[in-house]
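Here is a quick briefing for anyone meeting this structure for the first time. Take a look, then read on.

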Amino acid sequence: MSLSSKFEFQNSINFAKDCDEKDELKSYRDKFYFPKTNNGSKKVYLCGNSLGLQPSNTETYVNQVLSDWKEFGVEGHTDAEWPWLPYHEFLAEPMAKIVGAKPSEVVVMNTLSANLHFMMVSFFNPNSTKNKILIEADAFPSDLYAVESQLKFHDLDPKESLLFWQPREDNRYDHKDFDQLIQKHKDEIALVLIGNTNYYTGQCFDMKHITKTCQDHGITIGFDLAHGVGNIKPNLHELGVDFAVWCTYKYLNSGPGSLGGCFVHEKHHRADLKRFTGWWGHDKTTRFNMRQGFNPIPSVEAWQLSNPPILSMAAVKASLDIFDEAGFENIHAKSKKLTSYLEYLLLELKDENLNIITPSSPEERGCQLSIQFLDADKSLFEELTKAGVIADWREPHVIRVAPAPLYNSFEDVYNFVQILKRIRYER
Ligand SMILES: *Cc1c(COP(=O)(O)O)cnc(C)c1O
């Protein structure tokens, strides 16, 4: 049963407004800057899956770092309002809550693709028999390039060593196909890397099932949570996932090109793993002695290389403080209702050329819906853009829309469908 029916929605602006009025998170909309139309009203911004909006507190956090630097120079490392030396530690706890981890398992560092490589240095150790990587067929290009290049780095041929979990004709991935691949290749697969949630279809995979299946066969399991973090509720620690990586500029609203996040399960913290190292991963008490051999911090922090860019970290902190205040449970609960409302309104159009390729069960998706328009080309998307909707177009004919529960309203969702209707049927 689709949850939209359970919510008993109505197709009217008054109903949307009423939902907004009752929304406990409604005040958060005003804590973000929206791009505006020519007449000064907020655009219908449904692109938080690509770049989250700027929180209004980000400026204050970044300015604090600038003014501490101005005031203290190098002593800001210890004397700043939020000292720079342990700055990343302030982010661990709020980030850990969002991904279901312990603070010692989570660190903000580098960027997503870089972290993916650093994780594979430690967690992809092919030998003569177990040397394959399995990913989903329509993985994000960067992930594909990363695994291909890691294989080549180990003198393996991606044509032979890269296995793909293929989606079915309806664009969905079926876990039965995953199980079959594992059964067939269980003695050859060294690593499974899955992007959860899938960036194109918005499908969210069963992390529990995938992780358990890998564990049953001694296969390392890593997730790319670029589209999952701040959107779905991963439970990385409890599931026993080996590693995960993500970015913070999509649903985590930390600004363009902002830092990445990384999870390493605590079972690996004291293990003797291969690792590319830098001084920021070294034991903090002797870090500045500068001489003796590398002594890793017994946590995910051991994977840090450099002292991090505090100005960027400040933007991550600004965002995480909002998540922490709003409570991820509340955000997630609103998300289910908001996206179900969007689904309901789209289905109300009764348009047989409109096909939502995202699963309709809220357990199998996050906030994003990917809408396929079988009869449309990019001009539809361009018209939407002209009308003040910011969404995302993927060839050949998919528009991805992602109402972000922190700042999008039920009225946004209603307005989007109204604009779509006008463009599609009333031209
Ligand atoms: C957004 C995204 C990326 C982008 O990687 P960067 O290194 O941050 O540029 C990579 N993988 C996935 C799955 C993504 O969604």
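How far does a polar side-chain atom of Asp143 lie from a nitrogen atom of the ligand? The gap is 2.7 Å, inside the 3.5 Å limit for a pair of N or O atoms that defines a polar contact. Keep in mind that this is a predicted model, where local features need pLDDT of at least 70, side-chain atom pairs count only at pLDDT 80 or more, and totals for chains, interfaces and linings use all residues. Residues are numbered from 1 along each chain as its sequence is written, and side-chain values use heavy atoms, with hydrogens and water left out.

**Around the ligand**
- The ligand's surroundings (residues with a heavy atom within 4 Å) include Leu112, Phe140, Asp224, His227 and Tyr249.
- A ligand oxygen atom is 2.6 Å from an N or O atom in the side chain of Ser113.
- Lys250 has a polar side-chain atom 2.5 Å from an oxygen atom of the ligand.
- On its own the ligand exposes 390 Å², and the protein buries 82% of that (Shrake-Rupley method, 1.4 Å probe).

**The two domains**
- Domain 1 covers 3–56 + 327–425, and domain 2 covers 86–324, with bounds from an automatic or database domain assignment.
- Their C-alpha centres lie 29 Å apart.
- Domain 1 puts 34 residues into the contact and domain 2 puts in 24 residues, with contact meaning heavy atoms within 4.5 Å.

Technical notes
Polar contact = N/O pair within 3.5 Å; in protein donor to acceptor, adjacent residues only side chain to side chain.
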